[in-house]
Structure formats: structure tokens, C-alpha cells
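Notebook open, model loaded. I want to jot down what I look up as I go.

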Amino acid sequence: MKKNSLLLFVVAILFLSGCSIVNGVKSAYELTKCNFDYKSISDINIADVKLSDGLSVTNIANLTKFLLSDFTSLPIDMVVNLNVSNPSDKTASIHGCDYTINIDGLDVAEGNLESPLEVEAGKTGVMALRVKTDLKSVMTAENRSTIVSIVKNLAGISSEKSKINMKLNPYFKSNSRVVSSIAIPVSFEYNGKQSK
């Protein structure tokens, strides 16, 4: 009798674990049906110049002076906000997301969103990805002008726009396993508060 009870218990645990994996796969699959679009970039901080409150004369002067100097680092910190629209009749969810970001042809950063995202059927949620990088680490003599242009475009000093390509790799967790879904590309152009 004890043996049968133990066997039933083990089967139940395996079944529940299997259900958890299947539900995770279904929710992650629903996420692949979602539309990912640019919403905004917020909390922009370039070389300790905070641009979130708008571009002031002082900010422009400080940033220009910095770019003309022989800087040893060029830290950028910003939050890229993406609209995630779920056209499905089922909830889409993930536990987290790895991502890479390419600006004007340069791979500048990679990161991880370690919080869950759930978008109900027919609704739109927001995925906020914090991007922190030091552009000096990818700068060479050949691409210095590209890096300077990226900074000017992100700050809104230039009339040009930077092309931003992101690759999202959402994942879900089941027990101790991490299961990745397919890569999702997101592209947009940005210049200060302008985008498309």
C-alpha cells in the first residue's frame, strides 16, 4: 500500500511539473504572437549629463565639451520602453528576457530583464529594458565619429536619427530550468524625443 502511495505521489509531481512546463511553453508561444513596438526612451544619462528633463543650454555645452575632450569613458544609461500588444485571446507571459542592442551598426550593449511580464488577451503592456553601457569600450579610431553621432542623436543635439535594432530573447522558468523562446527583432529610429 505504501509503495502504491509513493508511486502515485511521484507520478503526480511529474505530472504537475509537466503541466508547468506545458503552460510555460504556451504562454511563451503566445508572446511570439505579440507585436513589439517602440514606445519611448526615458531616464537618459550620457556621461553624467541627465537629459530626462529636456535638453538645456547647459546640457548641450557640457555634452559638447565632453565629446571634444580626450575622454577615457563614455557611459550611457537609459531605459528603452517597448509596447507589447497581445492580439491573441490568451494571456502571454514570460519570466524574463535577454536582449542585445545595436545602434547605427555597432553592437553597444546586452542585458537582461529579470522580472516577469504578463500581457492579457487583447491588451498592451510595456517592457522596460534598462540599457547601461560604456561606448568607449566599443570605440575605435575608425568609428569615433559614429560614436559621437550616436551620442548627439540620443541627446537630440543633431537633426539626424540613429537606427536602433534590438534582439529580444524572452524566456520562462520551470522549476530549475530556463527555457528560451525564439528571438524577436525590434527596430526604430531615434533622435531626442523624435522617433518612428
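Predicted model: local features only at pLDDT ≥ 70, side-chain atom pairs only at ≥ 80, totals over all residues.

I started by clicking on Met 127 and listing what it touches, leaving out residues up to four places away in sequence. The list runs to Phe 36, Val 80, Asn 81, Leu 82, Val 84, Ile 94, Cys 97, Leu 113, Leu 117 and Leu 168.

Next I asked which residues have the most contacts inside the largest nonpolar core. Met 127 is there again, together with Ile 46 and Leu 168. I noted 49 residues for this core. Which helix gives the most to it? Helix 3, residues 144–155, does, with six residues.

I then looked at where helix 3 sits. It lies across strand 1 and strand 3, and I read its angle to strand 1 as about 100 degrees.

I traced four strands in the order 2-1-3-8, forming an open sheet with antiparallel pairing. Strand 2 (49–50) and strand 8 (124–134) each have a single partner strand, so they stand at the edges and one side of each is left without a neighbour in the sheet. Strand 3 (residues 75–85) runs antiparallel to strand 8, and I found 11 bridges joining them. I also wrote down one pair here: Ser 85 has Thr 124 of strand 8 as its bridge partner.

Thr 100 stands opposite Glu 110 in strand 6. There are two residues between the strands, and Asp 104 takes a positive phi near 50 degrees. I checked burial along strand 5 (residues 96–103) too: the strand is mostly covered, with six of its eight residues buried.

Cysteines next. I searched for disulfides and found zero in the structure. Is Cys 97 buried or exposed? Its relative accessible area is 0%, so Cys 97 is buried. Cys 34 comes out at 7% relative accessibility, and because the cut-off for buried is under 20%, I count Cys 34 as buried as well.

Asn 86 has its place in the loop between strand 3 and strand 4 (92–94). I looked up its accessibility, which is 2%, so this asparagine counts as buried.

Last entry: another asparagine, Asn 45, which lies in strand 1 (residues 35–46). A polar atom of its side chain lies 3.3 Å from the backbone nitrogen of Val 49. Skipping residues up to four places away in sequence, Asn 45 touches Lys 50, Pro 75, Ile 76 and Asp 77. I also took the C-alpha separation from Asn 45 to Met 78 and got 6.3 Å, with the two sitting 33 residues apart along the chain.

Methods:
Residues numbered from 1 in each chain as written. Heavy atoms only, no water. Buried < 20%, exposed > 50% of the residue type's maximum accessible area, 1.4 Å probe, protein only. Pairing = 2+ DSSP bridges. Core = buried A, V, L, I, M, F, W, Y, C linked by side-chain atoms within 4.5 Å. Contact = heavy atoms within 4.5 Å. Polar contact = N/O pair within 3.5 Å; in protein donor to acceptor, adjacent residues only side chain to side chain. Disulfide = S-S within 2.5 Å. Axes fitted to C-alpha atoms, helices over the stretch in contact; angles between N-to-C directions.
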